[in-house]
Amino acid sequence: MKVYDLIIVGAGPAGITACVYAARKRMDFLVITGDIGGQAAWSGDIENYTGYQFITGADLVKKFEEHMRSYDASVKEGEGVVGVEKPGELVLVKTNKGIEYQAKTVIIASGKRSKEAGASGEKEYKNKGVSYCATCDGPIFNAKIVAIIGGGNSALDAALQLTRIAKQVYVINNTPQLSGDAIMRKKVEDATNVSILNNSKVAAILGDKFVNAIRLNQAGEEKTLSVQGVFVEIGLIPNSDFVKGVKKNAQGEIIINNRNETNIPGIFAAGDVTDVPEKQIIIAAGEGSKACLSAFRYLARS
Amino acid sequence: MAKNVKIYSTPTCPWCIRVKQFFKENNIAFEDYDVSTDHAKSEEMVNKSGQMGVPVIDIEGEIIVGFDKEKIKQVLGL
C-alpha cells in the first residue's frame, strides 16, 4: 500500500492552509475531507481576516479553495474520516468509503460541529423542522411558530433573526437566565413576539411528516408547545471522536503543544479541533501552516 | 440541450451561494427562487423535497438537497 508523507484530515481554514504549505514543500500528501471550508463557509460577514476589510464566509472559502487547487494537490472531497490510529510506525486513516490510507504523518484539522440537544425525535426531524442554521433555514419559517434551544449568543442571534420572520419565538433555556451578551439579551427580551422559558429542557420533538410540537420540562413541570420549527443553538463540539489514542481535554479538544504536536509522534492537529485558545479563522489558518511545518521537520528528522 | 435547473435558496445561506457559484463556474443556466420572500415557492420546495432545509436543487425533476457536488455533477453529466 502507498505510504504518504502526510495526510491532512479536513479542509477548513486550518486544513487548506496546511495543504498550501505541504504543496510548496513538495510533500507527497493527501487531503481527505467531507466538505470544503468547514465552519468558515457558514460564517456570514468577516471583517477581521487581514487583507480583507470585508468578505463573506462563502467568498473567503472560495479564495481558500482556489489557492488550494492552484497546486496539484490531491483532495478527496466528500469522504469522511472515521478512524485515525497509529498501531506501529505508520498512521492509519480509515474513511467512510471503506478505504484505508497510510501515512508517516497526519494533521487532524477536522474542526467543530453543532452540538445536538439530545432530545428524542431530534435526528428523525432534522431538516423536517429541526435546523442547526437559523441564518440558512430561518426564512422558511415565515409566520410560523418556532422554538430556539439555547441561551447563549448563538441562540440569541438566532432568536433575533427569527423574530423578524416567525409569528412567535420561544427561547428554551436550561439555566435560570440567558447567558449571552447584555445587548443581545435586551434586544431579545424587548421583542414583542418572544417568550423566554428559563430552567427548561426540551425532552422530545414531536410531529408527523414535519415537526408540530415540542415537549419540555420547565422546572419539573411538563409542557407541550405547538411549534413548526426547532433551532438548536447550544454551541459546538470538536470532531475528534475518530482519533484514537490522542489526549483530549474535557471538551474533547485535542491537546497540542505550541508546535501542534499531539502526544503521539507523527500525529499533529490544528485549528478549532484543538485546545488552542481562541477559535478564529485567521488563527486556524496560522495553526494549519504551523502544523504542516512541524510535520515537515518531523519527516526530515526521522 | 441544456437542462432545466432550478434552485430554491435564501440569500444568507452559505451553501446556496456555493451551489450558485458552482453553476456559474460550469456555465449552467439556472432559475433562482428566493424562498425567504417567495412563500409560494417556499411551500413548493417543502412539498418537492419533503424537508425544510435549503438549498434544494431541481434538475429536470430530480431533487437534490444541499450542495451535493457529486450528485449534481452526475445529474448534469459534468
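This is a predicted model: local features need pLDDT of at least 70, side-chain atom pairs count only at pLDDT 80 or more; totals for chains, interfaces and linings use all residues.
In chain A, five strands join in an open sheet, and reading across it gives the order E10-E17-E11-E12-E13, with parallel pairing. Look next at the two ends of that order. Strand E10 (130-131) and strand E13 (194-197) of chain A are the edge strands, and each has a single partner strand, so one side of each is left without a neighbour in the sheet.

Now turn to two helices of chain A. Helix H4 (residues 153-163) packs with helix H5 (residues 182-190) at an angle of about 35 degrees, and their axes are 10 Å apart. The crossing of H4(A) and H5(A) is left-handed. On the H4(A) side, A:Asn153, A:Leu156, A:Asp157, A:Ala159 and A:Leu160 take part, and they meet A:Met184, A:Arg185, A:Lys187 and A:Val188 of H5(A). By class, the residues of this contact are five nonpolar, one polar and three charged.

Finally, see where the chains touch. Chain A brings 18 residues to the contact and chain B brings 17 residues. On the side of chain A that touches chain B, helix H2 (57-69) and helix H3 (134-137) of chain A each supply at least two residues. That side of chain A has seven nonpolar, eight polar and three charged residues.

Definitions and conventions
Residues are numbered from 1 along each chain as its sequence is written. Chains are lettered from A and ligands numbered from 1 in the order in which they are written. Axes are lines fitted to C-alpha atoms, for helices over the stretch in contact, and angles run from 0 to 180 degrees between N-to-C directions. Helices (H or I, at least four residues) and strands (E, at least two) are DSSP runs, numbered from the N terminus. A crossing is left-handed if the near helix is turned anticlockwise from the far one by less than a right angle, and right-handed if clockwise. Two residues are in contact if their C-beta atoms, placed from the backbone, lie within 7 Å. Ala, Val, Leu, Ile, Met, Phe, Trp, Tyr, Cys and Pro count as nonpolar, Asp, Glu, Lys and Arg as charged, and the others, Gly among them, as polar. Two strands pair if DSSP finds at least two bridges between them.
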